[in-house]
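Good morning, everyone, and thank you for making time.

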Amino acid sequence: MEKLSKETAAILTEWFGQDTIISLATLDGDRPSVRKVNGYYEDGAFYVITYGLSDKMRQIARNPVVGVCGDWFAAHGEGVNLGYFGRAENAEIAGKLQKVFAAWIDNGHNNFEDENTCILCIRLTDGVLYCHGARYDIDFRN
């Protein structure tokens with residue numbers, strides 16, 4: 001397994017550095033639960049706007065180990081609730097997410113006045129990427 005290289009980082013940013021549908025798997029006790037979410041990749045992590053009281057966030061609070069999957073990429077990571085979307089500490093990433101998700105962010109699905117509207121950060125730990133006939137086993141940890 002190799003550390004995240006410039007080459008693999010560039011591929012991940014090209015493929016997932018915009019609004020991308022990914023699968024997110026959590027554990028509900030000993031049962032896996034998977035759903036599709038809109039994600040944005042940056043610097044070894046995916047970011048998702050979600051609701052803090054949702055099943056996925058309750059499951060992550062109990063067990064932060066998650067799995068993600070997108071086109072020709074699968075990985076494990078740690079789900080971290082960054083808290084309310086409007087928190088001052090989230091201003092930088094929230095601004096990026098507003099731009100990335102501009103096509104749907106204000107369609108009524110999100111209530112940004114509700115402090116349970118939060119940002120989920122999925123800090124990747126390891127993964128496998130397939131690109132142009134090559135397999136890259138990636139260790140995202142420092």
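Predicted model: local features only at pLDDT ≥ 70, side-chain atom pairs only at ≥ 80, totals over all residues.

The chain has three helices and eight strands, and if we read from the N terminus, the order of the elements is β-α-β-β-β-α-β-β-α-β-β. The radius of gyration is 15 Å, close to the 14 Å that the globule rule gives for 142 residues, so the chain is as compact as a globular protein of that length.

Now to the interior, where buried residues make up 45% of the chain. The largest nonpolar core has 24 residues, and those that touch the most other members are Leu12, Phe46, Val68, Phe73, Ile122 and Leu124. Strand 7, residues 117-131, provides the largest share of this core, with six residues. There is also a second, separate core of 15 residues, which includes Tyr40, Phe101, Ile119 and Cys121.

Finally, what is the volume of the largest pocket? It comes to about 250 Å³, and of the 14 residues that line this pocket, Ile49, Thr50, Lys56, His109 and Asn110 are the closest to its centre. Strand 4 gives the most to the lining, with four residues, and by class the lining holds five nonpolar, seven polar and two charged residues.

Definitions and conventions
Residues numbered from 1 in each chain as written. Heavy atoms only, no water. 1 Å grid on protein atoms, 1.4 Å probe; cavity = no way out; pocket = protein on both sides within 12 Å on 5 of 7 lines; lining within 4 Å. Points joined across faces, edges and corners; volume = space filled by probe spheres on them. Helix = DSSP H or I, 4+ residues; strand = E, 2+ residues; numbered from the N terminus. Nonpolar A, V, L, I, M, F, W, Y, C, P; charged D, E, K, R; others polar. Core = buried A, V, L, I, M, F, W, Y, C linked by side-chain atoms within 4.5 Å. Buried < 20%, exposed > 50% of the residue type's maximum accessible area, 1.4 Å probe, protein only. Rg over C-alpha atoms; globule rule 2.2 N^0.38 Å.
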